[in-house]
Amino acid sequence: MSTVDHASHTSAHQPDRPAQHAAPAPRRTLRSLFARHTYLFAVLLAATLLIANIALQPRFGATSQLAAVAPLGIAAMASVPSIMSGRGGIDLSVSPLMTLSALLYATQLQPAGLGGYVALPLLVAAGALVGTLTGLLIVVGRLQPIVVTLAMFFVLTGVDLKLSPSPTTVSGSWMAGFAGSMGPVPGGLVALAVPAALWLLITRLTTYGSLLRSVGGNDVTAFTSGVPVGAVRVLAYSLGGAMAAVGGLVLIGLASTAEAGTSTSYTLIAIAAVSLGGIPLQGGGGGIANALAGAAAIYLLQSLLGVLQVPQTWLQVIYGVLLIGAVLFGAVAARELKEGR
């Protein structure tokens, strides 16, 4: 038998081999699923906590719970754009900016006869202006975001105290609907929808969403590709400020008062919600769905611990342990995804 005949005979009895350059099948493990959809951990946690709350609280009404979670949800959403823009852009001034919005309404707009719906665009513009100033200090001044936003935190807290050293009562306003219903729709759902709609309009109807992700992912590469990195970052802080302004109106709706004492209420817990929702703090990924999932999980955990009468002193410990677990899980899932590629 010749060499050619032997080769033909051998190949005829061998099973078909896969193409040499065929791509390997993706590893669809549970961890890779969580790595691709970083909000799933918070969603599953929130669903579990929701079931537990409903089981332990027969009067766990959707309308009142949506109203209660709305301020935290808005604070978390307002933190998203700056974080996505990269460079460690955690905006610590979101919470005092929410309070500033409430106080501007209670002490300036309503007494001037601007207490109707016209107050909403005015306060959103004011919030965006404060956010723009923060962004300009970071981009033009080339300062560290954590330092600038911490400074803005102190400045805004001081302004809040100056505007109203004691709580200011707000009565008969349209914002009372945020604590109940606006027609057939729960007021808390409407409150969450306003900043979410603002975000979706800007990121889905324009190219800003993709530009923000590219800047947060790698600003050097984005810059060399012609992306106006500085403008994208400044707009991110402006968007966060506009969202925070809506949160101030929700605070009035819930308590019918505006007080400087709420200036620090949502600073750290909003960041915790964003982290729990799976948004990478180095920037470039995530979205408001992540923030809402994280906020819901934290709120439901607060509610459950309150029902179980867990002392307040243990709440911070539980938050910390939960966050460490979420971060570790995310890191392991991300490594799994990277190795599976």
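Student: How much space lies in the second largest pocket?
Tutor: This is a predicted model, where local features need pLDDT of at least 70 and side-chain atom pairs 80 or more, while totals for chains, interfaces and linings use all residues. Residues count from 1 along each chain as its sequence is written, and side-chain values use heavy atoms, without hydrogens or water. A pocket is an open set of 1 Å grid points where a 1.4 Å probe fits, with protein on both sides within 12 Å along at least five of seven lines. Probe spheres set on those points fill the volume, and here that space is about 340 Å³.

Student: Which residues are closest to the centre of the second largest pocket?
Tutor: Lining residues have an atom within 4 Å of a point. There are 15 of them here, and the closest to the centre are Q65, L66, V69, A296 and L300.

Student: Which element gives the largest share of the lining of the second largest pocket?
Tutor: Helices are DSSP runs (H or I, at least four residues). Helix 3 (40-56), helix 4 (62-84) and helix 13 (288-307) each give two or more residues to the lining. The largest share, six residues, comes from helix 13.

Student: How many charged residues does the lining of the second largest pocket have?
Tutor: Asp, Glu, Lys and Arg count as charged. The lining has 13 nonpolar and two polar residues. The number of charged residues is none.

Student: With which residues is I298 in contact, leaving aside neighbours within four places in sequence?
Tutor: Contact means heavy atoms within 4.5 Å. By that rule, the partners of I298 are L72, I269, A272, A273, L276 and Y319.
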